[in-house]
Amino acid sequence: TPERPLPALSTEDVKVRVYGDAAVMTGLLVETASDGRRVFVLRFTNTYIKQKGRWRMSAGQLTTLSRERASIKLDPKTYDAYVGQYRNPSGRILNIVREGDKLMAAVGGQKEELFPAAESQFFIKNADVLLTFVKDERGRVIRLINRRPNGDVVQEEKIK
């Protein structure tokens, strides 16, 4: 039987944080098909310890991220209800803004486009982030639920 070729693997969004004689490396391990389509995405976290002048990996973890989500078509006018500022329990402010026919999330200097998965649920492409907007009994958006890549679920109150 012919051998199956090895998949095309690459790393993305690699970050290293050094804490004295310990370091944590995080990023994405991506398998790409021959047509350039992402087949599989894993988030990795590796922990290293410096011993006798050399870095040695002491622990590693791979987490499967969901496959690429499908975006639905929404009338961009529906985005207006979600525009505003949202504060999480630590005080960080997330700005949701509309730019033409796009809904954007901005924190600090970073801005990411939000893609609709459902009328009140949005995701960021190539990231395992899901934002769900919550309305009160009168239909006004009062908060969002932010499901982050590390599995944390944070409720952020709408303040403006």
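Student: What is the relative accessible area of Arg98?
Tutor: Arg98 counts as partly exposed, a class lying between buried (under 20% relative accessible area) and exposed (over 50%), with a 1.4 Å probe and protein chains only. The model is predicted, so local features need pLDDT of at least 70 and side-chain atom pairs count only at pLDDT 80 or more, whereas totals for chains, interfaces and linings use all residues. Residues are numbered from 1 along each chain as its sequence is written, and side-chain values use heavy atoms, with hydrogens and water left out. The relative accessible area of Arg98 is 29%.

Student: Which residue forms a salt bridge with Arg98?
Tutor: A salt bridge requires a side-chain nitrogen of Lys or Arg within 4 Å of a carboxyl oxygen of Asp or Glu, and in this pair the closest N and O atoms are 2.9 Å apart. The pair links distant parts of the chain, with Arg98 in strand E6 and its partner 18 residues apart from it, in the loop between strand E4 (54–64) and E5; strands (E, at least two residues) and helices (H or I, at least four) are DSSP runs numbered from the N terminus.

Student: Which residue has a side chain joined to that of Asn88 by a polar contact?
Tutor: Asn88 lies in the loop between strand E5 (84–87) and strand E6 (93–99), and Asn88 is buried, with a relative accessible area of 6%. Leaving aside residues up to four places away in sequence, Asn88 touches (heavy atoms within 4.5 Å) Arg148, Val154, Gln155 and Glu156. The polar contact is a pair of N or O atoms within 3.5 Å, one able to donate a hydrogen and the other to accept it, where residues adjacent in sequence count only if both atoms are side-chain atoms. At 2.7 Å, this contact joins the side chain of Asn88 to that of Ser90.

Student: How many salt bridges does a search of the whole structure find?
Tutor: One of them pairs Lys15 with Asp13, the closest N and O atoms being 2.9 Å apart. Lys15 is partly exposed at 36% relative accessible area, and Asp13 is partly exposed at 46%. For the whole structure, the number of salt bridges found is six.
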